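Here is a short tour of one protein chain, written for someone who likes to have the model open while reading. Please keep the viewer at hand and follow along.

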Amino acid sequence: MSTQATDTATKERPELAARTRVLRQAAQSAVDYLEGLDSRSVAPGSESVAALRALSGPLPDSTTDPAEVIRLLSEIGGPATMGISSGRFFGFVIGGCLPAAMAASWLVNTWDQNAGLWVASPVAANLEDAAVEWTRELLGLPEGTVGGVVTGATIANFTALAAARHHLLERAGWDVEADGLFGAPELRVVVGDEAHPSLLKSLAMLGLGKKRVVRVPVDKQGRMRADALPHLDERTILCLQAGNVNTGAFDPAGAICPAARAAGAWIHVDGAFGLWAAASPKYRQLVHGFELADSWATDAHKWPNLGYDCGLALVRDGAALRAAMSLRAAYLERGERREPADYTPELSRRARGIELWAGLRQLGKAGMAEIVERTCSHAQRFAAGLKAAGYEVLNEVVLNQVLVSFGDADETTRVISRLQAEGTCWCGPTVWQGKAAMRISVSSWVTSEDDVEQSLAAMLKSASGSSH
Ligand SMILES: Cc1ncc(COP(=O)(O)O)c(C=O)c1O
């Protein structure tokens, strides 16, 4: 429709006028925001954060013009954002947002689709189905693996482990969905000592307990020691990790999985970001053996650079996942097709599968491989630059994560604070096997060589400006 035709339509339809006006305003604000990213500090200034007070307080009695709401958000909210969309944010494991995924998100919100049921949104159901299959293929997982699109790796771990719990207890003659865990045959859960806390949280939510897990010792990179595995059997859930959040290291799946499968254990993989290494011919060998698992949790909002939030739970045995997740009601019309709500904890949910489809469609196989390779090579450059300046890099930089120590814990903390305040880039702290470190996680499609050089210079300046 031309602008003129839209103007005529909006005159006759005030509700349409209200929506188009505010969408155009938001689009302009979003563009202004992106344009301003290079000239602002990556972390928001303390004045901008303090100004957020203006957005709190009591809910007004009267209505507010939507345009005024968006103005408040962009003028007061925007400056208090963390500059995650810039190329110089290296905190946690956070990607940027690909243009196609970002714009698809606007469309999805405009369409206001409920992705829970096929009948409620054929487009959401179909595109989610396609995007899950593309993900399976990119990650090199077995054909026939099914999956659900959830908020992130925490819920993906939860969802996949619910399928594991169902499968092992069903085999033991117990219906856990019907009868719960009281009086159920005992399951044993084995995790690496470096398991991500979100995996333990998922186990807690499933009634499997955080503390009663068997923890396997790890090596200096945080990899599970294959020689220290306990006895595994058909009542065991073995949780492996593909990509440690600090070091980027992978558990030795090739050495562990064949015997674990033969013992009848269910193998689950927390591969929040590391599994995506499978997309690159150069890094694919790191995920060798993980394809032998029974379930996998991963995030699209990390390395594939989808916007928040988007994770996937993938399960080899579709019947186990459906048994753990599906629900029935007379008013929820079902067909013969894949019903999205059979694969996730939620019934109603946003159509993030459409955004996943858009992001992967933009990237294709080559684009995903390129993000993996480019960000890993940026990580190498950070490590080399810091080492050359005399600082200790604590991990083998096998992926996109770098851990650097600037001296003792106080010194390292001071350097991180100074770097965050200086504003060129943003990195956060961690403690790796007892030693304080700064984490550099290179995950964004936006990060250029220039971003890396500017950030490295800022790191070295912050480090040399410390007390000695
Ligand atoms: C290995 C691992 N598992 C799970 C998570 C949790 O992911 P999310 O924040 O998407 O729930 C993370 C987050 O960094 C992670 O690195």
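How many disulfides does the count come to? This is a predicted model, and its count comes to zero disulfides.

For a disulfide, a pair of cysteine sulfur atoms has to lie within 2.5 Å. The closest cysteine sulfur to that of Cys97 is in Cys310, and at 10 Å it is too far for a bond. Cys239 is in no disulfide either, as the nearest cysteine sulfur, in Cys257, is 12 Å away. Cys239, with a relative accessibility of 3%, counts as buried.

**Helices around H12**

Now turn to helix H12, which spans residues 352–388.

| Helix pair | Angle | Axis distance | Crossing |
|---|---|---|---|
| H6 (residues 122–138) and H12 | roughly 30° | within 8 Å | left-handed |
| H5 (residues 99–111) and H12 | about 155° | 8 Å | right-handed |
| H14 (residues 449–464) and H12 | about 30° | 10 Å | right-handed |

What do the angles say about direction? Angles under 35 degrees count as roughly parallel and those over 145 as roughly antiparallel. H6 and H12 cross at roughly 30°, so these helices are roughly parallel to each other. H12 and H14 pack at an angle of about 30°, and H12 is therefore roughly parallel to H14. With an angle of about 155°, H5 and H12 are roughly antiparallel to each other.

From H5, the contact with H12 is made by Pro99, Ala100, Ala101, Ala104, Ser105, Val108 and Trp111, which meet Ile354, Glu355, Ala358, Gly359 and Gln362 of H12. By class, this contact of H5 with H12 has eight nonpolar, three polar and one charged.

In the pairing of H6 with H12, the H6 residues include Val123, Leu127, Trp134 and Leu138, while those of H12 include Ile354, Trp357, Leu360 and Met368. The contact of H6 with H12 holds twelve nonpolar, two polar and four charged residues. Ile354 of H12 is listed in the contact with H5 and also in the contact with H6.

For H14, the H12 residues are His378, Arg381, Phe382, Gly385 and Leu386, and they meet Glu449, Val452, Glu453, Ser455, Leu456, Met459 and Leu460. Six nonpolar, three polar and three charged residues make up the contact of H12 with H14.

**Backbone details in the loops**

Most residues other than glycine have a negative phi, and most peptide bonds are trans.

Which residues does a cis peptide bond join? They are Tyr308 and Asp309, with omega about 0°. Asp309 sits in the loop between strand E6 (295–299) and strand E7 (311–315).

Asn305 is in the loop between E6 and E7 as well, and its phi is positive, near 65°. Is Asn305 buried or exposed? Asn305 is buried, because its relative accessible area is 0%.

Gln433, not a glycine, also has a positive phi, of about 45°. Gln433 is placed in the loop between strand E10 (428–432) and strand E11 (435–441). Its relative accessible area of 43% makes Gln433 partly exposed.

Definitions and conventions: Residues numbered from 1 in each chain as written. Predicted model: local features only at pLDDT ≥ 70, side-chain atom pairs only at ≥ 80, totals over all residues. Heavy atoms only, no water. Axes fitted to C-alpha atoms, helices over the stretch in contact; angles between N-to-C directions. Helix = DSSP H or I, 4+ residues; strand = E, 2+ residues; numbered from the N terminus. Parallel < 35°, antiparallel > 145°, perpendicular 65-115°, else oblique. Left-handed = near helix turned anticlockwise from the far one by under 90°. Contact = heavy atoms within 4.5 Å. Nonpolar A, V, L, I, M, F, W, Y, C, P; charged D, E, K, R; others polar. Buried < 20%, exposed > 50% of the residue type's maximum accessible area, 1.4 Å probe, protein only.
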